[in-house]
Amino acid sequence: MAAAQYPGDRRSRLAVFSYRRRFLKPLVTAHGPWAWREGAIIRLTDGRGRATFGELAPVPWFGTETLEAAIAALEPFKNGVDRGAIAAIPDPLPACRFALGMAIASWPPWPLGEDPKIAPERVAGLLPAGAGAIARLPQLWDRGHRTFKWKIGVADPRAELALFEQILEPLPAGGRLRLDANGALDEEATRQWLTACDRAGDRVEFLEQPLPPGQEMAMQGLAAEFGTVIALDESVATVAQLRRCHDRGWGGPVIIKPAIAGDPLELLALIRDRALDVVLSSVFETAVGLGAIAAIADQLPSDRALGIGTAAWLEPLPADWWQRLREDL
Ligand SMILES: [Mg+2]
């Protein structure tokens, strides 16, 4: 794909292609079941008919704009886009900023619709919540995954702690577990988990978001008491929030979902300038958005596994839908 033509190119045209994909199994989130993933691909075409793409993948229940609001905000740019357009998109529209920023940055460089090729050891394998994780882990190990993510805080804490031991016990050397509480624990339960994690040593990579957003100071205090690292996820969504969180003294890892964080070039610059410890993660994007995550990851020194093992959770988009993106340039 050609280098970015867009900075300053007022001749570029913007087109929006919406999609709606069904989760193969409805995803249970803290906000209820998620059955359909709705989003859009935006296409910028320059005066010579060359196209670049960006993905609009908002998650309103995670604090972003709605898809409708994002598409409406792009309307003024239908007939001309340059880098200044991103600054014209208001802060509360981070998914919109990401899509525009990505298209302007000319990501990704591989064929449209094809998933980026990322080695499994660079991707965290997703374990099902509960006891199903025990049987699933060896399968993911055989596929090459070495980091495994398991949700906690969804069942009785004592049963979960017992399961944790059962998952850890057969974990081969070199394997690491990421525990994600999605803010569902209180301080006492967090201490119990951190105690158990400390016993597991380096087989636990980190405990993710034990307490709800707003309790970052408490999490910072707990992190200082234990050897196990605490990572933030729900506490931080956008580039501005990441900057603020670091300003306030957070030094641990932060999960960042680029598709809902804002301008990807601004994100990349912030992470690099401050040498931030980030874990890049997906929000059920298509291959277009996943490509941007891979492109960002390639430009960072971090060896933390990417949280992008999500493509197989959704019905694929039909080939003729992808074909439309290549037409009428
Ligand atoms: Mg999380």
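**Close-up views of the model**

**View A. Ala-155 counts as partly exposed, with a relative accessibility of 47%.** Buried stands for under 20% relative accessible area, exposed for over 50%, and partly exposed for what falls in between, with a 1.4 Å probe and protein chains only. The model is a predicted one, in which local features need pLDDT of at least 70 and side-chain atom pairs count only at pLDDT 80 or more, while totals for chains, interfaces and linings use all residues. Residue numbers run from 1 along each chain as its sequence is written, and side-chain values use heavy atoms, with hydrogens and water left out. Ala-155 sits in the loop that runs between β5 (147-151) and α5 (157-168); helices (H or I, at least four residues) and strands (E, at least two) are DSSP runs numbered from the N terminus. Ile-134 is 21 residues away from Ala-155 along the chain, and their C-alpha atoms are 16 Å apart.

**View B. The magnesium ion has Asp-180 (OD), Glu-208 (OE) and Asp-233 (OD) as its protein donors.** Along the chain, their spacing is D-x27-E-x24-D. Strand β6 (residues 176-180) holds Asp-180 and strand β7 (residues 204-208) holds Glu-208, so the pair ties together parts 28 residues apart in sequence. Both Asp-180 and Glu-208 are buried. A donor is an N, O or S atom within 2.8 Å of the metal (3.2 Å for Na, K and Ca); water is not among the atoms, so sites may look incomplete.

View C. Asn-182 has a phi of about 50° and belongs to the loop between β6 and α6 (187-200). Its relative accessibility is 28%, which makes Asn-182 partly exposed. For Ala-275, phi is likewise positive, at about 50°. Ala-275 lies in the loop from α9 (264-273) to β10 (278-280) and is exposed, with 65% relative accessible area.

**View D. The largest nonpolar core contains 86 residues.** A nonpolar core is a set of buried Ala, Val, Leu, Ile, Met, Phe, Trp, Tyr and Cys residues joined through side-chain atoms within 4.5 Å. Trp-150, Phe-164 and Leu-242 have the most contacts inside this core. The greatest contribution to the core, 8 residues, comes from helix α10 (residues 287-298). Domain 1 (13-110 + 316-326) and domain 2 (120-313) each supply at least three residues to the core. Neighbours within four places in sequence aside, Phe-164 is in contact (heavy atoms within 4.5 Å) with residues including Trp-150, Leu-177, Leu-179 and Trp-193. Another core lies apart from this one and has 20 residues, including Ala-40, Leu-67, Ala-70 and Ile-89.

**View E. Helix α3 (residues 94-104) has 11 of its 11 residues buried, so the rest of the structure largely encloses the helix.** Among the buried residues of α3 are Pro-94, Arg-97, Phe-98, Met-102 and Ile-104. Ser-106 follows α3 and has a positive phi, near 60°.

**View F. Gly-249 is placed in the loop between α8 (239-247) and β9 (254-256).** With 40% relative accessible area, Gly-249 is partly exposed. Between the C-alpha atoms of Gly-249 and Gln-220 there are 8.8 Å in space, against 29 residues in sequence.

**View G. The protein is divided into domain 1 (13-110 + 316-326) and domain 2 (120-313).** These bounds come from an automatic or database domain assignment. The C-alpha centres of the two domains are 25 Å apart. In the contact between them, domain 1 takes part with 32 residues and domain 2 with 31 residues.

**View H. The whole protein has 11 helices and 10 strands.** Its radius of gyration is 20 Å, close to the 20 Å from the globule rule for 329 residues, so the protein is as compact as a globular protein of that length. The radius is taken over C-alpha atoms, and the rule is 2.2 Å times the number of residues to the power 0.38. The C-alpha trace spans about 60 × 40 × 35 Å along its principal axes. Of the 329 residues, 52% are buried.
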